[in-house]
Amino acid sequence: MAVVKLIGRDGGESKLEALSGCPLMEALRDANIGVEGTCGGACSCGTCHVYVDAAWLDKLPPKTEDEQLMLEAIGDLVPLKPGSRLSCQIPMSEALEGLVVEIAPAL
Ligand code: FES
């Protein structure tokens, strides 16, 4: 379990408990805060897009080619930032206690 600090689409801040071993997307989706995770984590919908705080980027697994391609695909619809990641590709662990993510705009 790790507690994640969230910045919502309205700029509001909240905290979310995310189970270790599960993708961050699942915790975000189950919290009903606007993250749909439509493809279930198959890296093919882009609805789990988040902006990861710069201080955390090097603590995450690197993007796969599939994740990079999906991010590029949604880049025509929503702004991409250096911290853009698909939250289904972020496996949670206790090492990510305090992770800071902003929910990206809806597609
Ligand atoms: S849940 Fe579809 S790309 Fe992450």
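This is a predicted model: local features need pLDDT of at least 70, side-chain atom pairs count only at pLDDT 80 or more; totals for chains, interfaces and linings use all residues.

Reader: Where does Arg85 sit in the fold?

Author: Arg85 is in strand β4.

Reader: What does the side chain of Arg85 make a polar contact with?

Author: The side chain of Glu67, at 2.7 Å. The two side chains also count as a salt bridge, with N to O at 2.7 Å. That pair links distant parts of the chain. Glu67 belongs to helix α2 (residues 65–74), Arg85 to strand β4 (residues 84–86), and they are 18 residues apart.

Reader: And Glu67, buried or exposed?

Author: Buried, with a relative accessible area of 1%. The cut-off for buried is under 20%, so Glu67 at 1% qualifies. Arg85 at 4% does too.

Reader: Which residues is Arg85 in contact with, leaving aside neighbours within four places in sequence?

Author: Cys48, His49, Val50, Val52, Leu60, Pro61, Pro62, Lys63, Glu67, Leu71 and Ile90.

Reader: Back to salt bridges. How many does the count come to?

Author: Five salt bridges. Glu67 with Arg85 is one of them. Another joins the side chains of Asp30 and Arg29, at 3.2 Å from N to O.

Reader: How accessible is Asp30?

Author: Asp30 has a relative accessible area of 55%, and exposed means over 50%, so Asp30 is exposed. Arg29 is partly exposed, at 30%.

Reader: Which residue forms a salt bridge with Asp58?

Author: Lys59. The closest N and O atoms of that pair are 3.9 Å apart. The cut-off is within 4 Å, so the pair counts as a salt bridge.

Reader: What's the accessibility of Asp58, then?

Author: Asp58 is exposed, at 67% relative accessibility. Lys59 is partly exposed, at 49%.

Reader: Switching to rings. Which ring does Lys59 lie over?

Author: The face of Trp56, at 5.5 Å from the ring centre. So Lys59 has a salt bridge with Asp58 and a place over the Trp56 ring, while counting as partly exposed at 49%.

Reader: And which ring is under Lys81?

Author: Tyr51. Lys81 lies over its face, 4.3 Å from the ring centre.

Reader: How many aromatic pairs turn up?

Author: Zero, in a search of the whole structure.

Reader: On to the strands. Which strand do three bridges join to β1?

Author: Strand β5. β1 covers residues 2–7, β5 covers residues 100–103, and the two run parallel. In that pairing, Leu6 stands opposite Val101 in β5.

Reader: What about β3 and β5, parallel or antiparallel?

Author: Antiparallel, with three bridges joining β3 (residues 49–52) to β5.

Reader: What does Val52 stand opposite?

Author: Val101 in β5. Leu6 stands opposite Val101 as well.

Reader: Last topic, helix α2. Where is Leu69, and how accessible is Leu69?

Author: Leu69 is found in helix α2. Leu69 is partly exposed, with a relative accessible area of 47%.

Reader: How far is Leu69 from Cys43 in space?

Author: 9.2 Å, C-alpha to C-alpha. In sequence, Leu69 and Cys43 are 26 residues apart.

Note on methods
Residues are numbered from 1 along each chain as its sequence is written. Side-chain values use heavy atoms; hydrogens and water are left out. Rings of Phe, Tyr and Trp (its six-membered ring) pair if their centres lie within 6.5 Å; planes under 30 degrees apart count as stacked, over 60 as edge-to-face and the rest as tilted. A charge sits over a ring if NZ of Lys or CZ of Arg is within 6 Å of the ring centre and within 35 degrees of the ring normal. Buried means under 20% relative accessible area, exposed over 50%, partly exposed in between (1.4 Å probe, protein chains only). Helices (H or I, at least four residues) and strands (E, at least two) are DSSP runs, numbered from the N terminus. A polar contact is a pair of N or O atoms within 3.5 Å; within protein, one must be able to donate a hydrogen and the other to accept it, and residues adjacent in sequence count only if both atoms are side-chain atoms. Contact means heavy atoms within 4.5 Å. Two strands pair if DSSP finds at least two bridges between them.
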